[in-house]
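Reader: Can we go through this one together? I'd like the cut-offs stated as we go.
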Amino acid sequence: MQDACLIYGLNAYNHLMPAKNYIHFLDLKAINRRFEPLLSQTIQEVVQSGRYLNGEQTDGFEKEFAAYIGTKYCIGLGNGTNALEVILQGYIEMGLLKNGDEVLVPANTFFATFLAVINRGLVPVPLEPCLSTFLPKTRTLAPAISPKTKAMIMVHLYGRNAYQEQIHNLLKANDILLIEDNAQAVGSRYLEKRSGSLGDAAAHSFYPSKNLGAMGGAGAITTDNEELASICRSLANYGSPTRYWYHHIGTNSKMDEIQAAVLRVKLPFLDEDNAKRNDMAMRYLSEIRHPEIRMPMPPEASQAFHHTWHLFTILSSKRQALIQYLDKFGIEAAIHYPVPPHQQPVYQKSFPKKSLPLSERIHHETLSLPLHPALKEEELSYIIEQLNRW
Ligand SMILES: Cc1ncc(COP(=O)(O)O)c(C=O)c1O
């Protein structure tokens with residue numbers, strides 16, 4: 001460890017990290033610098049094209065992304081939240097969902113998953129997670145199904161592929177739609193299929209910090225269902241399938257040409273970047289050893305699942321002390337997320353108070369360590385060493 005200490009100008013425990021060597025949780029500048037000069041060139045081309053919406057970049061991205069995910073259709077949108085909302089609205093238009101229907105959602109997820117359900121007049125039914133995978137426990141599913149349950153949103157949280165045939169079969173047997181929230185797991189696989197092609201429809205987010213990040217807001221829907229795809233395209237375009245004709249109460253949510261062009265530069269490198277994330281996650285998993293740190297579950301030996309490690313999250317009941325300790329040694333950690341959706345003030349106003357102890361424990365104890373494709377090998381070693389010394 002002496003070497004890494006010297007790299008960072010540290011003398012054992014009692015010198016603070018010089019600001020320029022501070023390891024930030026995420027370094028978007030460094031991540032995107034790797035795509036230069038292509039990124040700047042492609043943005044320049046869009047600027048000079050005079051076409052900023054509904055152009056060849058968006059069209060090209062939709063085709064390339066559908067091919068990558070393995071679905072027949074892809075619709076580019078303004079962000080991932082809209083993608084979830086438009087899918088749900090699409091099913092309402094098709095008569096498969098209606099006001100007051102229940103939608104199964106993980107109790108611990110980013111609030112946007114809940115928001116989309118509530119915004120469409122549907123009722124989120126939270127499922128308690130497992131402390132090692134952070135995904136809903138399979139056994140919570142059957143008791144949560146009621147005659148009003150019409151859909152489930154499966155969130156591949158932190159980049160961990162949440163698909164299970166057992167769950168899908170149970171949903172199919174009860175005529176429940178499976179919608180994937182693939183915001184955090186683009187590129188992950190179950191056997192040969194990618195997340196985003198495992199259920200009936202999927203929402204993707206290209207928020208700048210995601211594994212495939214745009215330079216602003218962007219999202220997409222993927223599906224094999226032709227009717228749903230054409231309704232969603234119309235819904236995202238004010239409800240207008242044909243110019244100036246409005247068939248649905250839609251919204252306006254478009255992927256713009258600059259975002260599509262940026263994503264087209266980055267998509268061919270996504271698998272390589274996810275492989276880097278995977279290597280880093282494997283080092284964390286095998287090298288971090290501390291009695292106060294609970295590690296996430298390693299990938300299954302069968303290799304049926306391929307995760308994308310959007311976030312590497314540990315649990316510690318001494319989280320606050322750990323954050324301060326890491327900060328003192330020049331390492332920034334982050335919390336995803338500090339308050340569970342069911343304890344958000346807005347949620348408590350509309351839904352009965354609920355106790356979800358496992359989700360609450362995760363939100364109290366979870367801590368995300370730096371992990372991104374521009375993180376250097378020696379930085380990773382340094383983080384591991386400091387954690388083990390805590
Ligand atoms: C799990 C999850 N769902 C939905 C979203 C919403 O995506 P967006 O921010 O693009 O609206 C995000 C991320 O931001 C997310 O992490």
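Author: Helices (H or I, at least four residues) and strands (E, at least two) are DSSP runs, numbered from the N terminus. This is a predicted model, in which local features need pLDDT of at least 70 and side-chain atom pairs count only at pLDDT 80 or more, while totals for chains, interfaces and linings use all residues. Residues are numbered from 1 along each chain as its sequence is written, and side-chain values use heavy atoms, with hydrogens and water left out.

Reader: Fine. Where do Asp59 and Lys63 lie?
Author: Both are in helix 4, four residues apart, about one turn of the helix. A salt bridge here is a side-chain nitrogen of Lys or Arg within 4 Å of a carboxyl oxygen of Asp or Glu.

Reader: Is Lys63 buried or exposed?
Author: Lys63 counts as exposed because its relative accessibility is 54%. Asp59 is partly exposed at 39%. The scale is buried under 20% relative accessible area, exposed over 50%, partly exposed in between (1.4 Å probe, protein chains only).

Reader: How many salt bridges are in the whole structure?
Author: Eleven. One of them joins Asp101 and Lys98, with the closest N and O atoms 3.2 Å apart. Asp101 is buried at 3%, whereas Lys98 is exposed at 51%.

Reader: What about Glu365 and Arg361?
Author: Their side chains meet in a salt bridge, 3.2 Å from N to O. The two are four residues apart in helix 14 (residues 357-365), so about one helical turn separates them. Glu365 is buried at 13%, and Arg361 is partly exposed at 35%. Elsewhere, salt bridges that share partners link Arg283, Glu287 and Glu377 in one network.

Reader: Switching topic. Which annotation covers Lys210?
Author: The unreviewed UniProt entry gives "modified residue: N6-(pyridoxal phosphate)lysine" for Lys210. UniProt positions are in the numbering used here, feature names are shortened, and annotations may be inferred rather than shown by experiment.

Reader: And where does Lys210 lie?
Author: In the loop between strand 8 (201-205) and strand 9 (219-223). Lys210 counts as buried because its relative accessibility is 15%. Leaving aside neighbours within four places in sequence, Lys210 is in contact (heavy atoms within 4.5 Å) with Ala183, Gln184, Ser205 and His310.

Reader: What span should helix 11 have?
Author: Its 18 residues (270-287) should span 26 Å, and the end C-alpha atoms are 26 Å apart, so the two agree. The expected span is 1.5 Å times one less than the number of residues. Buried residues of helix 11 include Leu270, Arg277 and Tyr284. Among the elements covering its buried residues are helix 10 (257-266) and helix 15 (377-389).

Reader: How is the chain divided?
Author: Into domain 1 (34-267) and domain 2 (270-389), with bounds from an automatic or database domain assignment. Their C-alpha centres lie 24 Å apart. The contact takes 41 residues from domain 1 and 38 residues from domain 2.

Reader: How much area do domain 1 and domain 2 bury between them?
Author: About 3500 Å², 60% of it on carbon and sulfur atoms. Buried area is the accessible area (1.4 Å probe) that two parts lose on being put together, summed over both. Leu131, Tyr158 and Asn211 supply 22% of the area that domain 1 buries against domain 2, more than any other three residues. Two salt bridges are counted between the domains.
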